Amino acid sequence: MSPINSTESGQGYWRSLQELARDPAFLAELGPEFAEAADSPPEGTSRRRFLQVMAASVGLAGLTGCRWPKENIYPYANRPDGRMPGVPVKYATCLDLGGSARGLLATSYDGRPIKVDGNDLHPINRGANDVLAEASVLDLYDPDRTRGPIRVEKGEPYYDSWDHFNTTAHGIFAAMRSKSGAGVAILSEASSSPTFARLKAKLLAACPQIKWFEYEPVSNDNERVGTAMVHSRATRPHYSLSEAKIVVGLDGDLFETHPAALLHARDLITARNPDSGTMNRLYAIESGFTLAGALADHRFPVPASQVLEVVCRLIVEAVNLGLQSQYLSPEVISGVRKMAEAKVSVETVPDKAIAAIAKDLMGSKGASAVTVGFRQPPLVHALVHTLNAALDNVGRTVRYTPDPDPARPTHLESIRALNAALTEGQVETLVILGGNPVYNAPADLDFGEALKKAKTSLHLNTHFDETSRLCSWHVPRAHYLETWGDGRAYDGTLCVQQPLIHPLYEGKSALEFLSLMTDDIPQSGYDMVRETVKPLLPGADFEVAWRNLLSNGIQEGTQEANAPFTHRNDLLVQALNASVPAPKLDSGSLEVVFRPHSSILDGRFANNGWLQELPDFITKVSWDNPALFAVSTAAELDIRDGDMLRLKVGDQSLEVPAYVLPGQPKNSIGLSLGFGRSAAGRVGNGVGFDTYRLRASSRMDFTTGVQIEKTGKTCILAGTQDHFAMDEVGAKEREGRTRALVREANLEEYKQHPDFAKHRVHLHPLASLWQPPAEYGDNKWGMTMDLHKCIGCNACVVACQSENNIPVVGKEQVHRQREMHWIRIDRYFKGSPENPQVAHQPVACVHCENAPCEQVCPVGATVHDHDGLNVMVYNRCIGTRYCSNNCPYKVRRFNFFHYHTRHETVEKMVFNPEVTVRSRGVMEKCTFCIQRVAKAKIEAKNERRPIRDGEVQTACQVACPTGAIVFGDLNDKDSRVVQQQNDPRAYLLLEELNVRPRTAHLARVRNPHPDLAEAHSGESDGHAHEHDSHS
Amino acid sequence: MVTRMSTTVIREIDNTSNDPRQRPVLITQGADFGPITDSVSAVAEAARPPKIWYVAMGISLCLTGILGASVGYLIWMGTGIWGLQVPVAWGYAIVNFVFWVGIGHAGTLISAILFLFRQKWRTSINRFAEAMTIFAVICAGMFPGIHVGRVWFEYWMFPIPNYLNLWPQFRSPLLWDVFAVSTYMTVSLLFWYVGMVPDLATFRDRSKTRLRQVMYGIFALGWRGSSRQWHRYEVAYLILAALATPLVLSVHSIVSFDFAVSILPGWHTTIFPPYFVAGAIFSGFAMVMTLAIPARAMFNLKHIITLRHLENMNKIMLVTGMMVGYAYSIEFFIAWYSGNPAEAFAFINRAFGPYAWAYWTMVSCNVLSPQVFWFKWCRTSIPVMFVISILINIGMWFERFVIVASSLSRDFLPSSWGYYIPTRWDVLTFAGSFGLFMTLFLLFCRYLPMVAMAEVKSVLPQAGRHPGHGQYWGEITPEENGEDRP
């Protein structure tokens, strides 16, 4: 492995022989500097100063262990087998996040990982990727990661040596083992790792008195409790949405932060093929926009507290339509009827809609799926699974596997118990393995105060965060690309986590830390993982199986079998009888709904610039988490975007800016978690607002009875779209244009007029001043973007950012409309602001044949290359920005400043060496991943063959979970991209300008229920029916 | 001689009568050849310029310093210090460029076109109008220079032979700009200088210090005033006037191509070339007026730059203002008549969208305010015309701002719409360009003949008074001579 850590910690180079020899006089000279730097407390001093101090300390901390580098170095004169300098290598690995492992392929370029893609063998990823895993590679090179153990004494941090830490830890853990763990508590994150489970069991066996707690601020506990209510045990539901004709999503994010989001998206889109004759229909009933809601054929914004009632109404309607099932016992039905009677939700989900959904569900028994989000209380989960069972969906579209750890208490119970134990002084030593409870524990617990009661507390994490500051030791945690590990995918498939690089800062993984606790001589991660997977791998020869596992990243056939369970009703009936109808909401008593943020999640990614800058899929706001208000609520309370409000509920209050979002349920406020960090690092500190302050243990998901008051202050929100409040003239025009830009039809119209998209705009004859461009000899690259498949998940945006070294510009620059993303996802609303339809449209450079940018550049810095790509010659660009002005798609991005100057050395390691890092004053834009084209060309040429279709895949295409982006050679008549461009749904964006884009968009088809169709009228306006000639 | 400026007060004489029986003279108060030389030279020969000159120069130098600092900071940091963004990737810099180039046009029009049309009244104002042209083009040329992202590679805009055989891209209107503006600068400079040679010789001959003798001597190019020299001079001047005349039309046409050649709604209109030329002359005359009114007062030249001159210019402003107004309305008509929805929206948005404030500022300044010049009282009132000229300058700046910002801010895809807000650096750079302009102009007034003495003399009644050669042009009344009637 690369010995890069030596240079980073100051061990590899020395400034003088005295230093090398640790001459006491020399060290004495260094002494005052060390002391002065280390004496500066982090509080009361600037963050910059603190980091300087930290950096200085780490440089000097290295001196204590001054030695020759231990690693062997070899000259590259004799190249090791299988290693080609400059040729990237991909390794399979996995990222265990919140208790399920994402399967990844990490690209290593001369020893440093630069890009993370989905593993195509992984059952959830299948080659696609989500934004979190895609951006996780940036975390590896986060300069704010701690670079050595930190000892906190009297609230002040001191960088300490690993030796000292190891000695201390050894003492603590030896004492712990001798007392069989009395007075020791461990708080861990959710983990799917079998090795972690094995080590945990081993530790608990050795020290039975250890109290083990597990906490995740965003957890699937409601689902576990809900399934346990109706099944004989906690189970984990799996949906096969590709088999479902009717999908009802209840307040859940099927596609966003759900562990199987990519699978759901892929399956749902597969079953949504408008040409199949069995296009599915998606209903979303939700308390805030989710990706599924934006995709849905019918969406109903409902306050979260009323979802229970909606489910009950749905069940009642289904029963009225003749649904009979052993699972719907009379007691259940009567309980449900009682709940359905309140009819608070009629305003948002009219009876007609319930009737239509119930009719659809009854008409597709065994081929429908009702899903529910983690946010909803267990009772809703229980009812939904009962409904699925009653609809014969179980075993067809829904199956259940056993919960991996059915015995564990819920995360909420767990953190409360730990808090109580700490407060009562029962915990002498607390070990926190990852997580950040001081930041994200329920606000009423005051976990920070409780934590101080532990005599010794050790926190393993990547950053010196809010929790570390209150612990006595902070231990640097290694990134997943640095250490060995394993995990299980959502369906239980075994995944292996391979390191691609030696830990940059000598950090430890949770596994290594556990080994430190259990074993006298800590084991290496490699050995531990091998030991765990040995019994799990098939075949007689372990080494072969192991190598296969490493090569594939997963082990086929290790997924969980379906859970054996019996359906029961007693607990459900009890819960139904105990539940009370949802309160009526009004502007004086609002509802607040907490949701993990689509890119920051629960706050753990707060220091990741790519994710912070990623615009939210629906608000398009980056670098912030405003409170979302319905248009009507905002009008009633006279709230405008950016108004600072004080939300009050119970003892907690929170100041947060408002954002008025069409489609937000009336009187319900959406709050994203994960922002307002105070110790995330230079990127995440002070970004957004800490909504955990409002989240108490009695209201982890949503709550009603929230009051707001205006503070009179305002806050700037930086968005990548609708940068300012739209005036009437603009709003009207935008609405008028949307129809031509994002072309849509209902399924009925599509069946009659498959080429409806071509008739949405009537073109005048297109003539050009210029000679038509030459046809291109070998290849003619082109792309299609299928709006029918795009769910707007942003994975392509981050993938592009990672592949193409796109800078992060920060909130102020985004507010000035200078974001640099090469691909963006335009979001348009249509229809009533209370319940609009949403359309997503990915737009990147469309590589016009008749490119308007090229005609106006005075220096010829943007030209067509011999494949007909519209390329930017950075070297030649002088930055007149004329090309951007003349680009009708506004996809060109300008380096207004030198956005890459502020990087530390370690940050530069994330760059893709095959892509130029652009300097100040030059224009840039999507290149169709020309570096990948070039690579494929070289390979094809070496093998004396043409480039095969699908051989070149752009970064956005690879990441896309639904295959909405297709790239290929337009000269190859059999290629997929040509088939797609010949699809009747294909149309060219702004075709009337005659710029002849190479990227075609494919129109979207909606499948509304006929009874509800007028509510969401399609595009039929007679245009498609006139068969006059259109050019 | 030196004391003359402070002692003799030149009064304002109304010589604007158009009574055909009694045509008034152009140069009032009995100015003869000698006094004209005296009063024009007095400015340069005075030991000290008037106090107001120092005040003006002080302010101008401050602004120039601000310009230097702003440009320095810009080059150090990048164009991000301005309010530029995507979609509005051009802002103040291009607005100011077009504004300053437009201003230059009046000078060339006065000196070349009016020369060819034998408009004798041009002689009093052509010299400093031309000077204004040069300085305005200097300011204009600066902006495209500093607005690019990589200033240090600016020379790539020029067709410089190089071993890579890399040439500029000749289809780009920006490149045409480079040629148009540099040609314009060259011709204007030559024209100005050639016209100034006899007057420089006069200065040289009157110089009392060695330094002045040498300096003016060098620039007078050995002018002796011989008939042969005068003959050559007049031929050269005529040729340069003929060369400069098409430039009046071509330069701003080409500047307008920056917009008209693009595909942006609101820019892509065929009316732009004539519309821009009319606007340029309009704004140029307004600027001549803004400069002439204080200058003639400051340097005691009211008898040379008379009310009649000012009134003539006001008439031109009225005409060109209405041409501009016509262009504004035709743009709207065509936007509707063309049936192009993007175009139609661009104009509705211009008048009623977020930039409506700028649009209506422009219309009121450019179209409404010159209408007062229908009234002779307004045409001959110094305060009114001064205010109107400043309003027109403001309006014409806003015209360019509206064209650049409102069109760019809302183009084809509503998702990328934006709103351009200039930063303090935009404003300071713009203000600084006025400092540079005024500094150069004040230096010119102080050290160079700000009125073409030789030419003015040629339109004096005395120039045509040759016994036996019929009537001379105009009759000098005692009032006009500044004398009381006996």
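**Entry 1. Contacts within chain B**

The structure I am examining is a predicted model. With that criterion I looked up chain B and considered its contacts with a separation of 6 or more; residues 24 or more positions apart account for 82% of them.

I next looked up the secondary structure and found 17 helices and zero strands in chain B. For the extent of the C-alpha trace of chain B along its principal axes, I noted about 80 × 55 × 40 Å. I also noted that 51% of the 486 residues of chain B count as buried.

**Entry 2. Where chain B touches chain A**

How many residues does the contact take from each chain? I found 44 residues from chain B and 44 residues from chain A. On the side of chain B that touches chain A, at least two residues each are supplied by α6 (173-206) and α11 (341-352) of chain B. The largest share of that side comes from α11(B), with four residues.

**Entry 3. Domains of chain A**

I turned to the domain assignment of chain A, which gives domain 1 (4-64), domain 2 (150-218 + 408-481 + 508-534), domain 3 (221-402), domain 4 (587-659 + 671-719) and domain 5 (728-748 + 760-770 + 791-927 + 983-1005). I selected domain 2 and domain 4 of chain A, whose centres, taken over C-alpha atoms, are separated by 30 Å. Their contact takes 16 residues from domain 2 of chain A and 19 residues from domain 4 of chain A. On the domain 2 side, α15 (411-423), α16 (437-440) and α18 (466-470) of chain A each supply at least two residues. By class, I recorded eight nonpolar, three polar and five charged residues on that side of domain 2 of chain A.

**Entry 4. The largest nonpolar core**

Which residues have the most contacts inside the largest nonpolar core? I listed Val311(A), Val592(A), Phe629(A), Met132(B) and Val288(B), in a core of 436 residues. I followed up Met132(B), leaving aside its neighbours within four places in sequence. Met132(B) is in contact with Ile103(B), Gly107(B), Met287(B), Val288(B), Leu291(B) and Phe441(B). Val288(B), one of these partners, is itself on the list of residues with the most contacts inside the core.

Definitions and conventions
Residues are numbered from 1 along each chain as its sequence is written. Chains are lettered from A and ligands numbered from 1 in the order in which they are written. This is a predicted model: local features need pLDDT of at least 70, side-chain atom pairs count only at pLDDT 80 or more; totals for chains, interfaces and linings use all residues. Two residues are in contact if their C-beta atoms, placed from the backbone, lie within 7 Å. Domain bounds come from an automatic or database domain assignment. Ala, Val, Leu, Ile, Met, Phe, Trp, Tyr, Cys and Pro count as nonpolar, Asp, Glu, Lys and Arg as charged, and the others, Gly among them, as polar. A nonpolar core is a set of buried Ala, Val, Leu, Ile, Met, Phe, Trp, Tyr and Cys residues joined through C-beta atoms within 7 Å. A residue is buried if 20 or more other C-beta atoms lie within 10 Å of its own, exposed if 12 or fewer, and partly exposed in between; C-beta atoms are placed from the backbone.
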